[in-house]
Amino acid sequence: MAVDDDEYELLPRQEIENLKRDLERLKKHPLGDMKEGETILEAINNLNANIRKLIDIFTRAEADLVKDYEENNPAETLKVVKEQNEQLAQGLVAVADMIKDIQTPKNLSMPQRSPVEQMNFDVAMQQSQMQPRQPAYPGMGGYNPDFSDQIPPPPQPFPGLESRQPYEAPMPEKKHKGLFGKR
Amino acid sequence: MMLSNPVADFFAKAVVHAKQNRMSEFNQLEAELIMLGEQILALKNHRVYVDKLVRYENQINEMKMIIRNKKKEL
């Protein structure tokens, strides 16, 4: 038989009894009879209790959050916020267009000047207003009749157009193209 | 508070629940201390002399104060 072929060793009965006792003791106190073992067991139990409490707290928080989200309906709130954002964007575009429209006629009527040029222009205007007018006719001596109210000022050329003579620019020639002419 | 961030909302709720838990624990401890104080008073009324009775009473009062302070902190 197979059992008879196994090697075995005879042990004294006392030793077997000791081994049995140790096994029972380990079954009863897995962490040992020492104080450290008890402390570890107590710590593990405390940790278990704390983890259980934490899980409980998280479960309740989740339930509470779900309830709140169901009541408040965040998707709808986000939709409202999106619509408001769209309205704000449209308003901004409208304001930008208005500003552009206001600025464009000014640019056409008033030529752009740099700040220094604008200052020089203002000073020149003030001086021309403050200075007494030269006699219009030098041969008339001291006679200086004041016709300033009646004589209009001579036409001033537009700044930037002094050097250009009227009708200086040639008219663009328009080529008559045929019906199937190339563009 | 709501709708700022789901994770933040979740942890905010968790903190609220943890505080409620802690408060209920404090209440329980305070109740136990009150009961102990009443038992000491009953012993005094029956003129039962227990060793270190005054010291126990002082300790109970100190613990009550500590719990009250912790509640205020919460």
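The points below concern a predicted model and are grouped by topic.

**Confidence**

- The model as a whole scores an ipTM of 0.73 and a pTM of 0.45.
- Chain A has an average pLDDT of 73, with 55% of the residues scoring at least 70, whereas chain B averages 86, with 93% of the residues scoring at least 70.
- Within chain A, the mean confidence is highest in helix α2 (residues 13-28), at 90, and lowest in helix α1 (residues 2-5), at 55.
- Residues 135-142 of chain A have a pLDDT below 50, and this stretch makes two contacts in the model beyond its near neighbours in sequence.
- Where pLDDT is low, the predicted coordinates should not be read in detail.

**The side of chain A that touches chain B**

- Twelve residues of chain A are in contact with nine residues of chain B.
- On the chain A side, α3 (35-72) and α4 (74-109) each supply at least two residues, and α3(A) gives the most, with ten residues.
- Sorted by class, the side of chain A that touches chain B consists of five nonpolar, two polar and five charged residues.

**Packing of α3(A) against α1(B)**

- Two packed helices are described by the angle between their axes and the distance between the axes.
- For α3(A) and α1(B), the angle is about 125 degrees and the axes are 8 Å apart; the two helices are therefore oblique to each other, and their crossing is right-handed.
- From α3(A), the contact is made by K53(A), I57(A), F58(A), R60(A), A61(A), E62(A), D64(A) and L65(A), while α1(B) contributes D9(B), F10(B), K13(B), A14(B), H17(B), A18(B) and N21(B).
- By class, the contact of α3(A) with α1(B) comprises seven nonpolar, two polar and six charged residues.

- Helix α1 of chain B covers residues 6-45, and because its 40 residues should span 58 Å at 1.5 Å a residue, the 58 Å between its end C-alpha atoms agrees with expectation.
- Just after α1(B), R47(B) adopts a positive phi of about 60 degrees.
- α1(B) packs with helix α2 (residues 53-73) of chain B at an angle of about 155 degrees, the axes being 10 Å apart.
- Since angles over 145 degrees count as roughly antiparallel, α1(B) and α2(B) are therefore described as roughly antiparallel to each other, and their crossing is left-handed.
- The residues of α1(B) that make this contact include M23(B), F26(B), L29(B), L33(B), L36(B) and I40(B), and those of α2(B) include L53(B), Y56(B), I60(B), M63(B) and I67(B).
- Charged residues also take part, among them E30(B) of α1(B) and E57(B), K64(B), K70(B) and K71(B) of α2(B).
- In the contact of α1(B) with α2(B), twelve residues are nonpolar, one is polar and five are charged.

Technical notes: Residues numbered from 1 in each chain as written. Chains lettered and ligands numbered in written order. Predicted model: local features only at pLDDT ≥ 70, side-chain atom pairs only at ≥ 80, totals over all residues. Contact = placed C-beta atoms within 7 Å. Helix = DSSP H or I, 4+ residues; strand = E, 2+ residues; numbered from the N terminus. Expected span 1.5 Å × (residues − 1). Axes fitted to C-alpha atoms, helices over the stretch in contact; angles between N-to-C directions. Parallel < 35°, antiparallel > 145°, perpendicular 65-115°, else oblique. Left-handed = near helix turned anticlockwise from the far one by under 90°. pLDDT = per-residue confidence, 0-100.
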